[in-house]
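Keep the viewer open as you read.

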Amino acid sequence: MSANQAHAHAADSIAEHDHHGPPPGLLRWVFTTNHKDIGTLYLWFALIMFFVGGALALGIRAELFKPGLQLLDPHLFNQFTTMHALIMIFGAVMPAFVGFANWLVPMMIGAPDMALPRMNNWSFWILPFAFTLLLATFFMPGGAPAGGWTMYPPLVLQGGSNVAFLIFAVHMMGISSIMGAINVIVTILNMRAPGMTLLRMPLFVWSWLITAFLLIAAMPVLAGAVTMLLTDKFFGTSFFNAAGGGDPVMFQHIFWFFGHPEVYIMILPAFGIISQIIPTFSRKPLFGYESMVYATASIAFISFIVWAHHMFTVGMPLTGELFFMYTTMLIAVPTGVKVFNWMATMWRGSMTFETPMLWAIAFVVLFTIGGFSGLMLAITPVDFQYHDTYFVVAHFHYVLVTGAVFAIIAGAYYWLPKWTGHNYDETLGKWHFWLSTISVNVLFFPQHFLGLAGMPRRIPDYALQFADWNMVSSVGAFVFGFSQLLFVYIVVQTIRGGKKATDQVWEGAEGLEWTLASPAPYHTFEQPPSIKEDSAHPGTPLPAH
Amino acid sequence: MSATHPGYYIPHDTRWPIMGSIGLFALLGGFAMLLNGSSSAPVVMIIGTLILVVMIIGWFGTVIKESESGFYNDQVDISFRHGMIWFIFSEVLFFAAFFGALFYARIYSVPWLGGEGSVGATTGPLLWPGFEGIWPTNGPAEIGGAFGTIPAVGIPLLNTIILITSGATVTLAHWALKKNQRKPLCWWLLATVLLGLVFLYFQGVEFAHAYNDLNLTLESGIYGSTFFMLTGFHGLHVTIGAIMLLVMLLRAMRGHFTPERHFAFEAAAWYWHFVDVVWIGLFIFVYWF
Ligand SMILES: [Cu+2]
């Protein structure tokens, strides 16, 4: 098709399709520029990757069910731990949040679509190709990357055929993330409906604005770091080679300058989702809206000056150890503000406990446990004991599973009626919640004990004294993993039918997206609504009539 | 066509992104195959590159057509501006990683290897007795052998003057465009592109001199690594910027742009200034000190 025809077609589309649904056929999903289509693609991709990464996790937990080597040889075990992390971070959690951003940001700020719709399509469609490169390494000589997702040299460079594929896959994920983040930031800054001032935006939008900034600042640094790995391995540079005047520790500094903000990239959107859900089911406006915004911004700023808390044991001048210890502990202040505000929002609210609210409350409790173990890890002298033990594994799984993933699931239940037009099955949703919440604690809580007792992470075998809690943890893992099949069943069931959802869906829900029909029409807000604010409900804009 | 599209223009389907993904996949996958010694890799890479080139020309061509047909209102223009600014911001951070490596090596790791400070006192003399951590260095194992460095006064200074001049000429072109003086616009743009090419030529001469006469290569330890990666990536960005400005020149000659609306020109100019600023950082920290 010549550019001319494509152009004419685009012009036709404006006239013909504005008030209709999507074009028919499967190619719709490949060529689409619609933010709702692309949001759906991101969410399905993330869900599939959750199961791929989850299968690897179950492989790990099966091996660790009892001492000795049973199922996986140690090299394959290392491949599983490495790929589990890469897939869950870059393939599951991050794309899931971008999916939420695509679906919700335009509807929440009264925009007709994302600001740069073609680039939006590209941001998504790079991902399946990037993960093809990454997953293909399983079938290469030497297998998949096995040096840990942090890719520390020199170990990662000894990886056989997978090194170059790993690096280019990371490059592609980075390109996708940066383009996605640029789109989010431009949409929020330039596409708000008249009257939607920055301090009237829903907190989910605020949290994504700040997340997008973190992404644009952090991902290029990762790209630089892996580029240095590539040239060290294949082109004779000495960035991380002490014999040539470089330093392997330098990689860790550059990597964690990306890596710590990355942690907040995976949790700030979760804060945003929780800040939408708790007010709805407490039937009260969010407590301390502005302090939430400032807390989020403070967390983002501090996240760039704490990176070496991942490196307390690698060798640093004492001033460095102290600096990174204090800055890290400082993060507890704005995070504490957030937890306090969520509690204060619930205080004396007329609360009900539908499935999204259950997940949100579990998030607040369990994420806070992960936050506290993070504070423990921040204390340099004791980190020398905890470092690279299962205590660290327990910590970041509380933050990422009962934090980020719980928020993703909470958000999915919360907006599913808006997306599909049907109410999900509340009884099954509650079953899913209780099965997951109990099993996830059986899975991860004992790992604190294992770590404190000295069990190192990333090993396929362990001393006999660790046997009992490992067995408990593995049982929890399998229950948790298989419980998620229930989630897929519920989602598919809701898409295919069910009780018709009302426009507002939830009695206490406020915000622009709840003024739209359920399911949300293919095109929304082609004419921007004008916004006033209900002065009693900051952060919950209403269309002006 | 002069009718401005009412409201925010949203294209309704697009083939370019999926093409871009396939091209990128073939190019990078092919490169990885090449690094693993596959003989069919060059073919895969060439196919990927061709697909990417067609995609870039097609995608930008579509956007230019839409722009010239008046599809884009002021709000779309602002989206493009914000998008370009954040893209440049991401590029700044990409360079920051390599500058960070340079500073870390010069301030910490090289002196430590030479036995300086509390960290170095325990490791330097044990691992590399006799090594003096003085910049420039290719490390205690003298990887790549003895090498010479390029003095700041010479080609680097000349190239600094050339790039700063090109920053001025592109600004003169912008002023001409805003006054709707088409001829000076084209001449100043042409001057900018030529200055960019002269810069690249001198950079090539310098690299050849380094490799042939000074034994300064990418493999010359940490000095060669930081030197060539920083100047090399910068040169790549000069090349991209020059291509962007060349496209702007061709568009200006075809009568594109108006004194009020010329986002693409400004984006290319911003990019050029960004490349300029990075060079000044390079000149100071790589060549001078
Ligand atoms: Cu951290």
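In this predicted model, helices α9(A) and α12(A) cross in a left-handed sense. Helix α9 of chain A covers residues 268–282 and helix α12 of chain A covers residues 332–346; the two pack at about 15 degrees, and their axes are 9 Å apart. Angles under 35 degrees count as roughly parallel, so α9(A) and α12(A) are roughly parallel to each other. If you want to click through the contact, α9(A) brings Phe271(A), Ile274(A), Ile278(A), Pro279(A) and Ser282(A), while α12(A) brings Lys338(A), Trp342(A), Thr345(A) and Met346(A). Sorted by class, that gives 6 nonpolar, 2 polar and 1 charged.

Stay in chain A for another pair. The axes of α13(A), residues 355–378, and α16(A), residues 426–452, come within 10 Å and cross at roughly 10 degrees. That angle makes α13(A) roughly parallel to α16(A). On the α13(A) side you'll find Thr355(A), Leu358(A), Trp359(A), Ala362(A) and Ser373(A), and they meet Glu426(A), Gly429(A), Lys430(A), Phe433(A), Thr437(A) and His448(A) of α16(A). This contact splits into 4 nonpolar, 5 polar and 2 charged residues.

Now hop over to chain B. The C-alpha trace of chain B spans about 75 × 45 × 35 Å along its principal axes. Out of 289 residues in chain B, 42% count as buried. As for contact order, take the contacts in chain B with a separation of 6 or more: 70% of them link residues 24 or more positions apart.

The crossing of α1(B) past α2(B) is left-handed. What classes of residue make up the contact of α1(B) with α2(B)? There are 18 nonpolar and 7 polar residues, and no charged ones.

Zooming out to domains, chain B is divided into domain 1 (1–72) and domain 2 (73–288). Their centres, taken over C-alpha atoms, are separated by 26 Å. The contact between them takes 6 residues from domain 1 of chain B and 5 residues from domain 2 of chain B. On the domain 1 side, the classes come out as 3 nonpolar, 2 polar and 1 charged.

Most residues other than glycine have a negative phi, and most peptide bonds are trans, so the exceptions deserve a look. Pro153(A) and Pro154(A) are joined by a cis peptide bond, with omega about 0 degrees. You'll find Pro154(A) in the loop between α5 (117–136) and α6 (162–190) of chain A. Chain B has a cis bond from Trp135(B) to Pro136(B), with omega near 0 degrees, and Pro136(B) is in the loop between α4 and α5 (155–178) of chain B.

For positive phi, check Val505(A), near 65 degrees, in the loop between α17 (467–496) and β1 (531–533) of chain A. Then check Phe257(B), where phi is about 75 degrees, in the loop between α7 and α8 (263–288) of chain B. Buried or partly exposed: where does Val505(A) fall? Val505(A) has 18 C-beta neighbours inside 10 Å, so it counts as partly exposed. Phe257(B) has 21 other C-beta atoms within 10 Å and is therefore buried; the cut-off for buried is 20 or more.

Technical notes: Residues are numbered from 1 along each chain as its sequence is written. Chains are lettered from A and ligands numbered from 1 in the order in which they are written. This is a predicted model: local features need pLDDT of at least 70, side-chain atom pairs count only at pLDDT 80 or more; totals for chains, interfaces and linings use all residues. Axes are lines fitted to C-alpha atoms, for helices over the stretch in contact, and angles run from 0 to 180 degrees between N-to-C directions. Helices (H or I, at least four residues) and strands (E, at least two) are DSSP runs, numbered from the N terminus. Angles under 35 degrees count as roughly parallel, over 145 as roughly antiparallel, 65 to 115 as roughly perpendicular and the rest as oblique. Two residues are in contact if their C-beta atoms, placed from the backbone, lie within 7 Å. Ala, Val, Leu, Ile, Met, Phe, Trp, Tyr, Cys and Pro count as nonpolar, Asp, Glu, Lys and Arg as charged, and the others, Gly among them, as polar. A crossing is left-handed if the near helix is turned anticlockwise from the far one by less than a right angle, and right-handed if clockwise. Domain bounds come from an automatic or database domain assignment. A residue is buried if 20 or more other C-beta atoms lie within 10 Å of its own, exposed if 12 or fewer, and partly exposed in between; C-beta atoms are placed from the backbone.
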